[in-house]
Amino acid sequence: MEAFFEPLGDGRFWATENTLGPWGGGSQHGGPPCALLGRALERHEARDGMEVVRFTAEILRPVPQAEVAVSVRTARGGRNVELLEATLAAADGTELVRASAWRMNLQRDGFAAGDAGPPMPGPDQGAPHPFFDVGLETGYHTGMEWRFVEGAFLEPGPAKVWLRMRVPLVAGEAPTPLQRVLCAADSGNGVSATADARTLLFINTDLTVHLRRPLRGEWVGMDARTVIEADGVGLAESVLHDTDGPIGRGAQALFVAPR
């Protein structure tokens, strides 16, 4: 398959094998469905100058590699600021992921840019690391390109990594900057895990992304760190970058338990 999703019409999509996550069970990685919801949110009653600046997804249950349907509505309209809501559902109508986004009318001129912090070393300074064995020839791990600047898969601790989509989100469409960010951002807890994924589960219940500005280029950089407390609650946080510097932050709440 040459994309994460194939369009079926009427807001329905077929999830290809490229969406499969590394944990088995025929479930999707969180990145592609979040990006699909982001696509719906940014296309809903789109207007020039309006950009998604905050996206939150509540992952209600595992998302199967199967047919899914997307619906979207305006929760609070406005000329300059609006709140949108979207839902990803299974073919039988079961709600799988619920998302919301604040969309703002960006003022392109008249403001001095703040200091967002130093840029990460670029993807040309990163190195590919083999993904750990997930028992799948095709999945999210092959649908994305990975270059680590610091850390590696199965190397516990913080990581700096660049990700780039190898295939489009939806067949026949070029990914937008928002779609590229959301397809990558859900990987923050995986790349910065502090425990062995073969012995511990660390499942994120949500993903929140705040963006200062749109991504430039194809690469999404993540300066990611995970902290797990003794009571089994974890928090994964990522500073998101493009090759010009930081663009925002991502955060995930984690449920942690022995496998």
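Strand β9 supplies the largest share of the lining of the largest pocket, namely five residues; strands (E, at least two residues) and helices (H or I, at least four) are DSSP runs numbered from the N terminus. This is a predicted model, in which local features need pLDDT of at least 70 and side-chain atom pairs count only at pLDDT 80 or more, while totals for chains, interfaces and linings use all residues. Residues are numbered from 1 along each chain as its sequence is written, and side-chain values use heavy atoms, with hydrogens and water left out.

**The largest pocket**

- The largest pocket has a volume of about 830 Å³, a volume being the space filled by probe spheres set on grid points that are joined across faces, edges and corners.
- Of the 42 residues that line this pocket, those closest to its centre are Trp 23, Asn 189, Phe 202, Ile 203 and Asn 204.
- On a 1 Å grid over the protein atoms alone, a pocket is an open set of points where a 1.4 Å probe fits, with protein on both sides within 12 Å along at least five of seven lines, and lining residues have an atom within 4 Å of a point.
- At least two lining residues come from each of α1 (31-43), β7 (144-152), β8 (155-165), α4 (188-191) and β9 (200-204).
- Sorted by class, the lining holds 25 nonpolar, eleven polar and six charged residues, where Ala, Val, Leu, Ile, Met, Phe, Trp, Tyr, Cys and Pro count as nonpolar, Asp, Glu, Lys and Arg as charged, and the others, Gly among them, as polar.

- Glu 145 is placed in strand β7 and counts as buried at 15% relative accessibility, where buried means under 20% relative accessible area, exposed over 50% and partly exposed in between, with a 1.4 Å probe and protein chains only.
- The side chain of Glu 145 makes a polar contact with the side chain of Arg 147 at 3.2 Å; such a contact is a pair of N or O atoms within 3.5 Å, and within protein one must be able to donate a hydrogen and the other to accept it, while residues adjacent in sequence count only if both atoms are side-chain atoms.
- Not counting residues up to four places away in sequence, Glu 145 touches Trp 162, Leu 163, Arg 164, Arg 166 and Trp 219, contact meaning heavy atoms within 4.5 Å.
- Ala 86, found in strand β5 (residues 81-90), is buried at 2% relative accessibility.
- Leaving aside neighbours within four places in sequence, the residues in contact with Ala 86 include Leu 37, Leu 41, Val 72 and Val 97.

**Cysteines and helix α3**

- The count of disulfides, each a pair of cysteine sulfur atoms within 2.5 Å, comes to zero.
- The sulfur of Cys 34 is 9.2 Å from the closest cysteine sulfur, that of Cys 183, which is too far for a bond.
- Cys 34 is buried, with a relative accessible area of 2%, and Cys 183 counts as buried at 0%.
- Eight of the nine residues of helix α3 (residues 177-185) are buried, so this helix is largely enclosed by the rest of the structure; Cys 183 is one of these buried residues.

**Loop residues with positive phi**

- Asp 10, in the loop between β1 (5-9) and β2 (12-15), has a positive phi of about 60° although it is not a glycine, and Asp 10 counts as exposed at 77% relative accessibility.
- Glu 45 lies in the loop between α1 and β3 (50-59), where this non-glycine residue has a positive phi of about 45° and counts as exposed at 56% relative accessibility.
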